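Please keep the sequence and the model in view while reading.

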Amino acid sequence: MNVLPIKVFHGTTYTGLLDKIYATTGIDRQTFELNIICRYPNSSQEYKPIPIKKDEGVELMLEVPSRAVVYCVEIYLEERPVPLRPEAIALLTKETNDSPQIDNKKVLIWCRRKWEDLNMDCLVKVFQKVGMEGLLLDVPFVCKSWYEATLNPKCWQNLIFPENFFAFTDRVRKEYRKEVQITSFIKSMVNRSSRCATTLMLPHCSTEEALEYAAKNCPELKDFGLHGHISHKNARLIPKMIRNWKNLEVLRLRRAHYVKEILQKIGVHCNNFYQLMLPQSYISDDVAYTIGICQSKIKHLFLKGATIERRNLVMILQHCKNVVKLDVRECFLFDESDGEILELASHIPSFSCQGSTCIHDCEEREDLIGLFICDTNSFTWDPAVPYDWNFVS
């Protein structure tokens with residue numbers, strides 16, 4: 001029997017006591033559960049056992065020494081195997097005529113495997129779904145094998161920067177205790193993908209240098225987008241960036257500029273392109289013509305909150321015969337109950353125009369269009385509230 005001293009302070013919880021016992025004894029927590037029994041001498045010098053199962057039991061255990069003038073108590077541990085998980089039980093009890101006999105011992109061992117012992121390829125598959133913040137600030141600090149898995153470029157195929165970028169970088173600064181320079185940080189995240197990123201969603205504050213670097217170092221990109229909106233100066237770079245992305249399929253831009261030029265480049269370089277998302281943007285005559293005529297193969301079109309003249313929406317509906325999803329909810333300059341629009345859209349499996357309104361006052365219409373055309377901050381958005389890029393199902 002091993003005797004190990006453990007110092008326990010008043011206020012310790014049951015969970016805290018368990019943590020201390022597992023750490024001190026080295027018992028595998030994934031394999032064994034513990035029954036804790038405390039013994040202390042009573043007035044007749046006989047030892048009385050107390051099972052410790054909750055916080056109240058720990059509190060009572062710590063009160064005994066002060067009342068009985070005892071300086072320590074004895075804790076005995078009973079080990080019992082961790083019960084099988086439901087999926088393992090199902091596997092054990094499953095009976096099929098063509099299934100081989102299952103070895104109970106092997107299943108039990110499989111159920112007790114530690115997370116850190118998982119195959120590296122399995123870890124990478126899981127971490128691909130975690131997200132940038134978790135990959136950078138949570139997963140690497142669990143154990144060495146998890147840290148090593150996060151270095152695999154496949155974990156960084158989906159480079160989706162958090163929408164609340166400054167809150168994210170503030171956490172990075174506190175965790176790593178150094179200042180975060182926007183351009184350098186974006187470059188470092190892009191480098192982690194080793195040129196195999198397929199999704200890139202950049203923060204609205206991306207600099208010209210960061211945009212150009214991302215364009216050159218993400219040649220396998222299929223899905224590109226920007227949180228919020230960027231200035232005219234930086235937006236003019238996007239048409240030039242498109243030529244680097246031969247596999248591009250999806251484009252997401254809020255309050256977008258240079259849309260005509262972007263779509264023209266997509267028509268030349270991106271044969272697999274099928275989804276265009278331009279929420280809160282101004283769809284001018286030229287843009288509508290380019291969508292309808294030059295990009296008639298588009299299947300998914302997301303224009304929620306856009307400003308689009310009725311005639312331009314009609315043009316798009318007349319020419320985009322391949323569209324299966326069209327979202328024009330909460331748009332301006334056409335009415336949701338317009339009969340011709342509803343008739344033209346009747347063949348589209350998923351069509352939504354709820355909340356769209358027509359503005360008849362000429363001055364008000366010009367003011368609204370002017371807000372989109374000029375490079376101002378008239379449109380505000382809260383980065384703490386993630387934007388919903390989803391189509392209506």
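**Interior and surface patches**

Lysine 216 counts as exposed because its relative accessibility is 57%; exposed means over 50% relative accessible area, buried under 20%, and partly exposed in between (1.4 Å probe, protein chains only). The model is predicted: local features need pLDDT of at least 70 and side-chain atom pairs count only at pLDDT 80 or more, while totals for chains, interfaces and linings use all residues. Residues are numbered from 1 along each chain as its sequence is written, and side-chain values use heavy atoms, with hydrogens and water left out.

Leaving aside residues up to four places away in sequence, threonine 150 touches Phe127, Leu135, Val139, Pro140, Cys155 and Trp156, where contact means heavy atoms within 4.5 Å.

Helix α15 (residues 310-319) has Asn312, Leu313, Val314, Ile316 and Leu317 as its buried residues. These pack against several elements, including α14 (285-294), β12 (325-327) and α16 (339-344). Helices (H or I, at least four residues) and strands (E, at least two) are DSSP runs, numbered from the N terminus.

Patch residues have over 30% relative accessible area and no salt bridge, like charges being joined within 9 Å and nonpolar side chains (Val, Leu, Ile, Met, Phe, Trp, Tyr) within 5 Å; a salt bridge is a side-chain nitrogen of Lys or Arg within 4 Å of a carboxyl oxygen of Asp or Glu. Asp361, Glu363, Glu364, Glu366 and Asp367 form a negative patch. Aspartate 361 sits in the loop between β13 (350-352) and α17 (362-373), and counts as partly exposed because its relative accessibility is 42%.

Key: Accessible areas come from the Shrake-Rupley method with a 1.4 Å probe; for residues, only the protein chains shown count as cover. Lys and Arg count as positive and Asp and Glu as negative; His and the chain ends are not counted. The place of a charge is taken as NZ of Lys, CZ of Arg, CG of Asp or CD of Glu.
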